[in-house]
Amino acid sequence: MRFAAIHGDYGHVASKNGCGAVMGKKKLKAVCIVRGTKALAAHDARGLIQAADDIAHDLKTDPSTSTLYNYGTLPGVVNLSKLGVLPIKNYTTNLTGDVNMKDWEAPALRGDFDHRGHQCNACGMRHCHIQIIPKGRYEGERVDEPEYEGWSGAGWTIGLTDKYSVSWLNTRIDRACVDVNEFGWVCGWVMECMEKGYLTEKQVGFRLTWGDVEGSYKLLQMISHRQGFGDILAEGVKRASEKIGGKAAECAIYTMKGASPRGHDHRGRWEEMLDTCTSSNGTMESANPTFQTEVGAPGRINPFDGEQVARLVGMIRGRRHFEDSLGGCSFTFRTRIANLASALSAATGWDYRLEDAVRFGNRTAAILRAFNLRCGIGTEVEYPSARYGSQPVDGPAKEHDVRKQWDRMLDVWYETVNYDRKTGKPKRDLLRSLDLPWLEKDLYGKK
């Protein structure tokens, strides 16, 4: 299937953008790390410990990260619902209905389960727990504590709001090695289309309604084994919806590049929609702004002013590329770039600073962009699907329509990152400033 994931240790899945499908296509079963025989030594052990302490201090004390340190991404459910960013029933509503949202606050989500340890070795963050379902249909089963994306993709997106059922289904999706977000968009799309009569029971093979956890699990099995209608759905929501066509196609959530967004309603978070549609990696490339004033970006913007949004997304470009290149966890690295650069310098003996890190990140971004262009993925597909870019019918963001500002947002983003708006190529002067003459030659020829 096209949205297969890569499974790590218990509860850890690299799930976005079909990375597991790439391994499958190459007939690569697994990557095994052989235990070494020598110890690792830091260039400056004391300096590395100091950098680690600085990072930990940020995580524990900064208002933007302290809840992440204590609860992981659990607070996202309630917080995003207040902004109209929690995806509910395949973007058909932004209202939580008669659900008591106090039961979905982080302490309640965690307190309702019997916890059995922590999945991440030697990590101090209170995140990624193993838990036991205490009651209900799946009582006694050991499951992963869902990330926010799990509560979304295996829950709210498909109209499922029983916490124990969501936790169970999320773990089943992980065990099947399937991306929980894409599964949510596929499953939610089928549910909406069956409710509206765009898909029939004969086509799908059974009746699937909002919140049907056992039906969702059955659909997961059909997709995983490409059985019946699952053979079409295994192609992902874009290809499946295009194959069915008609009114059903208008309900599908994806980018025109073929990927699907993560578990948010981006109609209320334009910076993520823009980042997703212009990214070279399928989902988000620059990610959420983190200490963005460090690189000269404003601390706050109007989230529905397209120009401000596009400029911010462009200004933070490169941070996540540097962060990911270090091979660390995006949660423990949610700190200032200067701290990460200090840690890298202490570990290796290099003299790395903030400006070096940003430059490295932008080099990486330019290379990724060039790779996509070589593969024929250009500016003409940097748009959301009809439903993905639609105006919400209710909720906090109902007065805002991203489509009215989309082309101007693209203009401003391209200007900010110094790429050519028409071709999508990083401009020559940018490539030269990033010391990428070989990439300039590859993109523009010998001139």
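This is a predicted model: local features need pLDDT of at least 70, side-chain atom pairs count only at pLDDT 80 or more; totals for chains, interfaces and linings use all residues.
Let me begin with the rings: a search of the whole structure finds 13 aromatic pairs, where the rings of Phe, Tyr and Trp (for Trp the six-membered ring) pair if their centres lie within 6.5 Å, and where planes under 30 degrees apart count as stacked, over 60 as edge-to-face and the rest as tilted. Residues are numbered from 1 along each chain as its sequence is written, and side-chain values use heavy atoms, with hydrogens and water left out.

W104 lies in the loop between α4 (76-83) and α5 (106-111), and W156 in the loop between α6 (148-153) and α7, so the pair ties together parts that are 52 residues apart in sequence; helices here are DSSP runs of H or I with at least four residues, strands are runs of E with at least two, and both are numbered from the N terminus. W104 is buried at 2% relative accessibility, and W156 is buried with a relative accessible area of 2%, where buried means under 20%, exposed over 50% and partly exposed in between, with a 1.4 Å probe and protein chains only.

The rings of F113 and Y164 have their centres 5.3 Å apart and their planes at 75°, so this pair is edge-to-face. F113 sits in the loop between α5 and β3, whereas Y164 belongs to helix α7, so the pair ties together parts 51 residues apart in sequence. F113 is buried, at a relative accessible area of 6%, and Y164 is buried too, at 13%.

That brings us to the sheet, which is open and made of three strands in the order β3-β4-β5, with antiparallel pairing; two strands pair if DSSP finds at least two bridges between them. The edge strands, each pairing on one side only, are β3 (114-118) and β5 (142-144). Neighbouring strands of this sheet are turned by 30° against each other on average, direction ignored.

How many bridges join β3 and β4? They pair over three bridges in the antiparallel sense, and D114 has I132 of β4 as its bridge partner. Strand β4 (residues 129-132) also pairs with β5 in the antiparallel sense over three bridges, and there the bridge partner of I130 is D144. Helix α7 (residues 163-175) lies across β4 and β5 and runs at about 75° to β5, with axes fitted as lines to C-alpha atoms, for helices over the stretch in contact (heavy atoms within 4.5 Å), and with angles from 0 to 180 degrees between N-to-C directions.

Finally, a look at Q292, which is placed in the loop between α14 (270-278) and α15 (306-315). Q292 is buried, with a relative accessible area of 13%, and, not counting residues up to four places away in sequence, touches A297, P298, G299, L312 and I316. A polar atom of the Q292 side chain lies 3.1 Å from the backbone oxygen of G299.

Note on methods:
A polar contact is a pair of N or O atoms within 3.5 Å; within protein, one must be able to donate a hydrogen and the other to accept it, and residues adjacent in sequence count only if both atoms are side-chain atoms.
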